[in-house]
Amino acid sequence: MPSSQTFSPSSKRGFSDEERAGVYRAIFERRDVRQNFLPDPIPEDVLMRLLQAAHHAGSVGFMQPWDFIVIRNPSTKRTIKRLFDKTNEEAAARYRGSRAQLYRRLKLEGIEEAPVGLCITCTRQRGGRHVLGRSTVRETDLYSTCCAIQNLWLAARAEGIGMGWVSILKFGELKRVLGIPPSIKVMGYLCLGYVSEFAGRPDLENAGWRKRIPLTDLVHEERWGSRARSDKESEHANYQSLYTNG
Ligand SMILES: Cc1cc2nc3c(=O)[nH]c(=O)nc-3n(C[C@H](O)[C@H](O)[C@H](O)COP(=O)(O)O)c2cc1C
C-alpha cells in the first residue's frame with residue numbers, strides 16, 4: 001500500500017488511497033490471458049457488470065457504437081477455433097528460422113477453454129451521418145470501441161476473470177459464423193473466464209518475443225525528440241511496484 005506522502009495535497013478530490021490502489025493494481029496486473037482458464041461458468045450478474053463497464057466507456061459524440069455477442073455454445077467456439085487455426089498457420093508462415101519456431105510455440109488464443117466468448121462490434125452508422133466530433137477523424141468510432149474493450153479488460157481483472165483478445169481471425173469469416181451484417185465492423189473476439197493464475201508479465205515477454213519499452217524512450221518534453229530525464233524511469237518502476245503483488 002502506498003504511503004499517503006506519495007500523493008500531493010491537491011489530490012483531495014481523488015479516490016481514497018485504497019480505492020486508487022485498486023485502480024492502479026487492475027491496470028498494472030491486467031494481462032492478456034490465453035491459458036490457465038478454469039471451467040467455472042461466469043455468473044450472469046458478473047458478466048453483466050463487465051458489459052456495463054464496457055458500456056460506460058467514452059465514445060465520440062456519445063455514439064456508443066458497440067454491440068456484444070456472448071458465445072457459450074461449444075460447437076460455435078469449435079468453429080471459431082478452426083478459423084483461428086487456419087489464419088494462424090498463414091501468420092506463422094511469415095516468419096523464418098528461430099523466430100518461426102518461437103512463433104509456433106506461442107499460445108495465442110483460448111477460444112475453446114474459455115467458458116465465454118465475446119465478439120465486440122462497432123456499428124459505424126449509429127447516430128446517423130453526422131456524429132458530433134467524428135467528422136474530422138472518421139476512425140474515432142473505432143477508438144471508442146477499443147476504449148470499451150479496455151474497460152472490460154480492467155473490470156475483468158478486478159473480478160479475477162482473465163481476458164484474451166483474439167485478432168488472428170479473418171473477421172469476414174467470423175461474421176458469417178455469427179450472422180453479423182456486412183455493414184458492421186468486428187473489433188475483436190475475446191475469451192473470458194476465471195483463471196488459476198495471472199502471469200506477472202506479458203506472455204510475449206515471458207516467451208522472449210518482445211520486451212516492454214522503457215517509458216523514458218517514449219516521453220518527449222515539449223517537442224518531439226526532446227527526451228524526459230532518464231531518472232524518471234526508476235520513479236515509474238517504484239510507482240508500479242507500490243500497486244502490484246509481483
Ligand atoms: C488489439 C489487440 C489485439 C490482440 N490480438 C491478440 C491475439 O490475436 N492473440 C494474442 O495472443 N494476443 C493478442 N493481443 C494481446 C497482446 O499480445 C498483449 O496485449 C501484449 O502482448 C501485452 O501483454 P499484456 O496484455 O498481458 O500486458 C492483442 C492485444 C490487442 C490490444
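Is glutamine 52 buried, partly exposed or exposed?

1. Glutamine 52 is partly exposed, because its relative accessible area is 45% (buried means under 20%, exposed over 50%, partly exposed in between, with a 1.4 Å probe and protein chains only). This residue sits in helix α2, residues 44-55 (helices are DSSP runs of H or I of at least four residues, numbered from the N terminus). Between glutamine 52 and threonine 121 there are 69 residues of sequence separation and 15 Å from C-alpha to C-alpha.

2. This is a predicted model, in which local features need pLDDT of at least 70 and side-chain atom pairs pLDDT 80 or more, while totals for chains, interfaces and linings use all residues. Residues are numbered from 1 along each chain as its sequence is written, and side-chain values use heavy atoms, without hydrogens and water.

3. Residues around the ligand include Arg31, Asp32, Leu108, Trp153 and Ile168. A side-chain N or O atom of arginine 30 is 2.8 Å from a ligand oxygen, and a polar side-chain atom of arginine 34 is 3.1 Å from an oxygen of the ligand. Tryptophan 165 places a backbone N or O atom 3.1 Å from a ligand nitrogen. Of the 620 Å² that the ligand exposes when taken alone, the protein buries 73% (Shrake-Rupley method, 1.4 Å probe).

4. Among the residues lining the second largest pocket are Arg30, Arg34, Glu205, Lys211 and Ile213 (a pocket is an open set of points on a 1 Å grid over the protein atoms alone, where a 1.4 Å probe fits, with protein on both sides within 12 Å along at least five of seven lines; lining residues have an atom within 4 Å of a point).

How values were computed
A residue is near a molecule or strand if one of its heavy atoms lies within 4 Å of it. A polar contact is a pair of N or O atoms within 3.5 Å; within protein, one must be able to donate a hydrogen and the other to accept it, and residues adjacent in sequence count only if both atoms are side-chain atoms. Helices (H or I, at least four residues) and strands (E, at least two) are DSSP runs, numbered from the N terminus.
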